[in-house]
Amino acid sequence: MSAESRLTAEEIRLKEDRERTAYWRRWGSYLSDRQWGTVREDYSKDGEAWDYFSFEQSHYRAYRWGEDGIGGISDNHQRICFALSFWNGEDPFLKERLFGLTNSQGNHGEDVKEYYFQLDNTPSHAYMKFLYKYPQQAFPYERLLQENQDRGLNDREFELIETGIFDEDKYFDITVEYAKETDEDILIKIEIINRSDETKTLHLLPNLWFRNTWSWGYEVEKPKLKIYDRCDEYSTIEAEQSDLGKRWLYCNSQPQLLFTENNTNYRRLASRKNESPYVKDSFNSYVVEGNKNAVNPDNIGTKFAAYYQLEIDPGDTKVVKLRLCDNPEIESPFGSNFDNTFRTRLQEANKLYQRICPHEKNEELCNIKRQAFAGLLWNKQYYHYVIDTWLEGDLAQPDPPEQHKHGKNSDWVHLHTDDVISMPDKWEYPYFAVWDLAFHMIPMAVIDPDFAKEQLDHLTREWYMHPNGQLPAYEWDFNGVNPPVHAWAAWRVYTIERKMYGRCDKKFLERVFQKLLLNFTWWVNQQDRDGNNVFQGGFLGLDNIGVFNRGGELPTGGELSQSDGTSWMAMYCLDLLTIALELARDNEVYEDIASKFFEHFLYIVDAMNHFGTEGSDLWNEEDGFYYDVLNLPNGKSIDLKVRSLVGLIPLLAVTTIEQETMEKLKGFSGRVDWFVNNRPQLSSNLACMEGCDNHSRRLLAIVDRERLRLLLQKMLDETEFFSDYGIRSVSRYHQEHPYTFKTNGDEYTVAYEPAESPTYMFGGNSNWRGPIWFPINYLLIEALQKFDFYYGEDFKIECPTGSGKMLTLWEVALELEKRLISMFLRNESGCRPIYGDFAKFQSDPYWRDLILFNEYYHGDNGAGLGASHQTGWTALVAKLIMQRGEYC
């Protein structure tokens with residue numbers, strides 16, 4: 001049987017897309033969950049994006065750079081958008097977008113206050129499924145706001161389910177499914193179930209509209225929506241846009257056809273005359289306020305809604321069907337083939353997921369994994385941001401304040417994004433974050449290596465990467481410094497594709513590697529100011545983990561030598577070394593650059609272990625742990641003795657080199673031998689580079705065998721880092737023994753905080769002082785596996801510390817995987833730790849199998865915290881489930 005004949009239907013679609021014979025990825029779940037309150041839409045002088053473009057304004061104010069909606073889709077340049085809106089007859093306005101609190105409104109920062117679930121998706125978006133739970137009583141907007149404002153930092157967030165609005169099941173389950181007949185023919189099925197014991201009416205308005213590109217003063221042909229045809233069975237709407245051409249939306253039955261313009265309602269926004277009587281919020285005026293003159297009687301516009309009024313009996317279901325395609329003459333658009341296509345695409349999705357994880361038979365684990373992949377794919381978003389245009393303002397709009405032009409991101413004028421990008425969470429973080437994205441691409445490579453490679457490639461291109469070599473951190477501050485994990489992600493994507501699909505894309509590897517050389521040089525030049533190979537990378541993504549704000553000026557003056565920053569750079573060296581050795585197999589020139597990274601790694605390891613004067617090393621011999629070191633202006637140094645991930649990240653800098661590689665790459669091997677023989681003071685720091693103990697395999701690591709054991713003793717101690725659900729970000733030791741630093745009459749304290757943040761240092765829900773974070777746990781698992789690859793049965797450690805149970809490092813990695821996965825599984829009490837004490841999620845048959853993937857997790861009980869749809873890096877749980885199914 002040929003490899004071609006073994007491909008699943010979904011893999012064939014991806015192949016067609018890769019070869020440009022069909023454009024299956026043109027349409028997908030690319031619509032944001034939130035466009036308001038973003039930096040892109042902020043033209044204020046003070047940079048307070050949440051306040052400048054509020055949720056209230058989002059109903060009637062046109063967006064400049066993107067669109068949002070509920071359960072929606074768009075094309076890959078977001079010219080045409082489709083999403084759902086509803087009204088229950090009680091709310092003060094249409095439910096057109098997801099509500100949540102801004103950073104200043106929530107007692108723990110920004111937070112979406114809705115329940116929606118991304119149930120299924122495939123890489124080509126040929127099948128997608130989304131569930132929204134809509135209360136039948138008036139949505140408690142004001143109560144959610146007031147309760148959270150009244151709560152303090154030591155209280156947990158007040159959630160929608162706590163209002164009692166879902167009690168007695170007074171809500172609608174609204175599910176939207178998408179199935180592609182062809183790459184340009186999208187079938188849409190909306191199913192509404194009345195869960196209450198009363199007959200209820202739902203006003204359903206599927207929306208089709210154009211992103212506003214015509215209001216900003218440029219020569220752009222305005223697109224148009226109009227009625228194409230009407231008959232008893234369905235109506236057809238024509239959408240014409242100059243770049244995309246024409247598309248047609250078929251709407252079954254006989255809904256009212258409403259048209260307006262996707263234009264700002266200036267009368268509401270600024271008490272001035274509107275350019276047109278038909279504006280963005282006209283459907284709300286028509287449906288909720290009863291203003292029948294609000295919509296265009298000529299049935300044309302740039303925004304359309306098919307208005308269905310559905311009376312639904314208790315427990316009953318209503319179904320609405322639509323079809324968005326490139327053919328205006330489908331003879332029977334909702335015939336029997338319509339439902340058959342949904343069945344076929346679902347079966348094909350099942351086969352795809354069975355193909356990538358054939359070992360997993362546990363139904364519950366399969367459900368968790370499937371929803372993790374679904375959320376990862378639903379979090380793809382069209383992202384448009386042209387910095388120079390944003391800074392200067394638009395021709396038809398007032399000039400931005402002068403402060404805006406010299407403020408946030410003003411030195412990134414080269415940045416020009418117009419792409420579909422993987423987002424951390426399309427409501428909480430509807431913008432790319434460079435280190436988040438690296439973790440997203442590990443599970444993404446399992447199901448869609450082409451997209452994973454494209455994403456990593458994007459961020460190293462000249463319209464993303466700064467001319468000085470810096471990668472853009474995230475929208476709120478592209479100058480932020482995140483851990484340099486891009487090379488690690490590129491290598492892992494390469495190896496995952498090779499293992500799962502038999503393809504070795506060395507062109508991708510080489511292309512990314514060449515650009516990362518520039519980024520590595522930026523790190524060396526900008527973050528190692530003293531040239532001593534000890535790095536000061538700032539907060540490095542670990543918000544709110546240190547004694548001070550590590551990204552700002554220190555209250556003592558001086559500098560902070562960072563154990564984690566230096567370790568990240570050591571890991572970066574090893575990742576680039578690994579890639580260089582792979583490329584050197586075909587091109588001996590890369591042996592030279594591999595030698596360079598080997599040498600640089602030696603110097604960083606030497607700095608980690610012999611930094612500064614006596615008593616100021618990053619390694620504290622007395623405690624057997626790595627700490628940040630505060631270098632004071634008077635020349636003295638102080639260990640900041642916080643037991644945190646800062647001291648465990650040195651474990652991540654580890655790799656092995658095979659004897660076969662040394663024999664094949666003679667140039668590299670010769671240089672390694674020279675260093676071992678002529679730089680004994682450097683090579684003595686290495687765990688083993690000479691083939692120790694009859695090993696032909698070499699080990700490169702920051703920590704030697706003794707320090708590895710000392711660090712693991714603390715990491716695997718359940719009274720310190722080792723929770724029932726993973727590795728805590730700060731040791732529980734600090735619960736009884738907070739670390740306090742005093743200077744200039746002020747006290748700075750780090751205590752163990754297992755849940756939400758007790759400080760606003762980096763925003764309310766960025767707490768790395770105790771909770772469990774998936775990305776670091778995942779890297780620790782990989783590090784343990786690499787150490788075991790070298791030490792094998794010769795190295796065993798007590799796990800948990802004090803238990804008397806001795807495990808190999810491979811077995812420790814399996815135990816850590818098990819604990820992380822267990823957060824999502826029902827325990828012996830039938831409860832999922834991630835849902836804490838929310839009974840509805842634990843026992844209700846319509847809730848208990850729905851999985852949310854949070855930003856981080858409670859350090860003691862595993863409850864989900866922070867962003868609730870961060871199926872970016874938390875989708876790593878799918879990869880863990882896969883590999884446990886394979887290995888166990």
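**Exercise 1. Work out how helices α8 and α25 sit against each other.**

Helix α8 (residues 363–378) packs against helix α25 (residues 876–887) at an angle of about 140°, and their axes are 8 Å apart. Axes here are lines fitted to C-alpha atoms, for helices over the stretch in contact, and angles run from 0 to 180 degrees between N-to-C directions. Helices (H or I, at least four residues) and strands (E, at least two) are DSSP runs, numbered from the N terminus.

A word on the model: it is predicted, so local features need pLDDT of at least 70 and side-chain atom pairs count only at pLDDT 80 or more, while totals for chains, interfaces and linings use all residues. Residues are numbered from 1 along each chain as its sequence is written, and side-chain values use heavy atoms, with hydrogens and water left out.

Step 1: name the arrangement. Angles under 35 degrees count as roughly parallel, over 145 as roughly antiparallel, 65 to 115 as roughly perpendicular and the rest as oblique. So α8 and α25 are oblique to each other.

Step 2: list the touching residues. Contact means heavy atoms within 4.5 Å. From α8 we get L365, I368, K369, A372 and F373, which meet V877, A878, I881 and M882 of α25.

Step 3: sort them by class. Ala, Val, Leu, Ile, Met, Phe, Trp, Tyr, Cys and Pro count as nonpolar, Asp, Glu, Lys and Arg as charged, and the others, Gly among them, as polar. The contact of α8 with α25 has 8 nonpolar, no polar and 1 charged residues.

**Exercise 2. Now try helix α22 (residues 774–791) against α25.**

Step 1: their angle is about 30°, and the axes are 10 Å apart. α22 and α25 are therefore roughly parallel to each other.

Step 2: on the α22 side you'll find F774, P775, Y778, I781 and Q785, and they meet L876, V877, K879, L880, Q883 and Y887 in α25. This contact of α22 with α25 has 8 nonpolar, 2 polar and 1 charged residues.

**Exercise 3. Describe two aromatic pairs.**

Step 1: Rings of Phe, Tyr and Trp (its six-membered ring) pair if their centres lie within 6.5 Å; planes under 30 degrees apart count as stacked, over 60 as edge-to-face and the rest as tilted. By this rule the count comes to 78 aromatic pairs.

Step 2: take F99 and Y141. Their ring centres are 4.9 Å apart and their planes are at 85°, so the pair is edge-to-face. F99 is in the loop between β3 (80–87) and β4 (100–101), and Y141 is in helix α4 (residues 141–150), 42 residues apart. F99 and Y141 are both buried (buried means under 20% relative accessible area, exposed over 50%, partly exposed in between, with a 1.4 Å probe and protein chains only).

Step 3: move on to F548 and Y748, an edge-to-face pair with 5.1 Å centre to centre and 75° between the planes. F548 lies in the loop between α14 (506–527) and β20 (559–561) and Y748 in strand β30 (residues 746–750), so the pair ties together parts that are 200 residues apart in sequence. F548 is buried, with a relative accessible area of 5%, whereas Y748 is partly exposed at 23%.
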